[in-house]
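Let's take a friendly tour of a protein model together. Have a look at the picture first, and then we will go through it part by part.

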Amino acid sequence: VQTCALPIWTNGDNAHYLILAKSMAEGSGLRQIHMPGSPLYTRLNFGFPLLLIPFAKICFSNVLVIKLLPMAATIIALLILYVLVKRLYGYAAAFIVIILTGINFSVLSFSHQIMTENIYLLFSSIVLLIAINIINDKKKQYFNVFLLSLLIFFAFTIRSIGLALFISIIIALALKKKVVPLIIIVSTFFVLIMTFVLGQIIVSNGVLGEGGYINQFLMQSPYNPDYGRVSFAGIFYRIFINARLYSTQIIPHVLSGAKSKWFIWLFAVPFFMGYFKKNHNDNLIKLYLAIYLLPCLLFNVVVSRYMIPVIPFLLLYFVIGCQRLLSILEHRVKAGRKIGGILFAAIVVLVFLPHAYKDMKHIKHEQSVYYYSSDWSGYFAVANWVRDNTPPDCIISCRKQALFWLYARRKTLGYPFTKDENKVLQYMLKNKIDYVVLDTFRWTDTTEKFLKPVVLEYPDIFKPKSYSIARPRTRLYKVVFSIISSP
């Protein structure tokens, strides 16, 4: 039902994927056409934009049609996961895991967003299914191995965390002493990466973009660069903080649909009993889950959507652990089978009901159409005003640049995350910014902290131009260049 909702959603990454797809569909290659000069996109995350090319070519402005892709990917992913879990643990476990995954609010929420989470879930599930067949089968499967190599690389291009797939499969093959598949997969993966990197170097005249995930990882905070680089001790402190946040807040929330801290205690014991249950056929899943979670603990941003691709596997070992507890109870307690069955049913209901409630509330909200909050409404109102009232070649400085371009069709740039007002001002001069947008977003304070003080400090440079009707009001300012002078 939510696939039929008109809004594109407000993440911003979704707009970026659509822009890259449009660039490729128009024959321009991987270029950020929303930015001045349309610079080359130098990261390896081009998998999802590739899938979006047909939509960008045929129906770029029709969000409803484009939403069919993540919806279809979610449905197919559930079918693949059912086959995967059934192969490892039988029909009963597969049925329960897929039902719990299928009604999970986080999974359903991203099934109608133009984002990579459920797309990656689909391709990672296919990769794991093929890899388990190769690892546990004694027959030579050269075609499947080569296909697996290509799919591993493609999953990596959808989300960089796909590197966890590559590493876990390499370790699993090494443990099974499958040398030939190991060599083929490693060689193919690195040949494809080097081919892309060399191609980007050639078309960009040897200049690739700076930054990326490594640079972001080394910062104390990507939204406060002035804090500097993280120390060696700071990395361990970050791991501790992230582990606490994921274990007590994020994972309980994405699994139970509620922010109840008691859920972690209900979940942890069965999960670890299931995870450490001896089953040599699922060693790859266990490796993948552990390796996937490690970067989440290391990264300096904690986001619940990072957990979506592993929700089925968290639920899998929770269910297997529950089955193991029931088996122990059945053998040690009189009428243990009945008591265990009741307890298991109660636990499943406790997981199921909050999600079912949130799903129904989400569907019924405003007759199944999600309306933007006032801060976002004001942001898009200003973007529409810019589209209708500014020169086509003007440059806008704002937050969520790709999303703003999608509505305004004007070149956009961000602004430096620094409290040094002179740096921000000189950035405006260097990049010939024509307008700046002072948003009123509640989910971030970067505009309030870094851009607004500069605008208020220099009223002769930043002239009020327009504002939204919705309160709190998003404001647009014209930059008067004649007053700015270089140092």
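This is a predicted model: local features need pLDDT of at least 70, side-chain atom pairs count only at pLDDT 80 or more; totals for chains, interfaces and linings use all residues.

Asp445 has a partner: Lys449 forms a salt bridge with Asp445, and their closest N and O atoms are 3.7 Å apart. Lys449 is also in the partly exposed class, with a relative accessible area of 23%.

Another pair to find is Glu448 and Lys452, whose closest N and O atoms are 3.6 Å apart in a salt bridge. These two sit four residues apart in helix H19 (residues 446-457), so about one helical turn separates them. Lys452 has 29% relative accessibility and therefore counts as partly exposed.

The structure holds nine salt bridges. One of them joins the side chains of Arg305 and Glu117, at 2.5 Å from N to O. This pair links distant parts of the chain, 188 residues apart: Arg305 is in the loop between helix H13 (283-298) and helix H14 (311-332), while Glu117 is in helix H6 (residues 117-136).

Both partners are buried: Arg305 has a relative accessible area of 14%, and Glu117 has a relative accessibility of 0%. They also belong to a network of salt bridges that links Asp13, Glu117, Arg159 and Arg305.

## The nonpolar cores

Now look inside. The largest nonpolar core has 126 residues, and Leu52, Met307 and Phe404 have the most contacts within it. Helix H4 (residues 68-102) gives the most to this core, with 16 residues. There is also a second, separate core of 18 residues, which includes Val436, Val454, Tyr477 and Val479.

Which residues does Met307 touch, leaving aside its neighbours within four places in sequence? Among them are Tyr246, Ile250, Val254, Leu293 and Cys296.

A disulfide is a covalent bond between the sulfur atoms of two cysteines. How many disulfides does the structure hold? The count is zero.

Leu163, Ile167, Ile171 and Leu175 make a nonpolar surface patch of about 340 Å². Ile167 lies in helix H8 (residues 163-175), and its 33% relative accessibility makes Ile167 partly exposed.

Definitions and conventions
Residues are numbered from 1 along each chain as its sequence is written. Side-chain values use heavy atoms; hydrogens and water are left out. Patches are made of residues with over 30% relative accessible area and no salt bridge: like charges are joined within 9 Å, nonpolar side chains (Val, Leu, Ile, Met, Phe, Trp, Tyr) within 5 Å. Accessible areas come from the Shrake-Rupley method with a 1.4 Å probe; for residues, only the protein chains shown count as cover. A salt bridge is a side-chain nitrogen of Lys or Arg within 4 Å of a carboxyl oxygen of Asp or Glu. Buried means under 20% relative accessible area, exposed over 50%, partly exposed in between (1.4 Å probe, protein chains only). A nonpolar core is a set of buried Ala, Val, Leu, Ile, Met, Phe, Trp, Tyr and Cys residues joined through side-chain atoms within 4.5 Å. Contact means heavy atoms within 4.5 Å. A disulfide is a pair of cysteine sulfur atoms within 2.5 Å.
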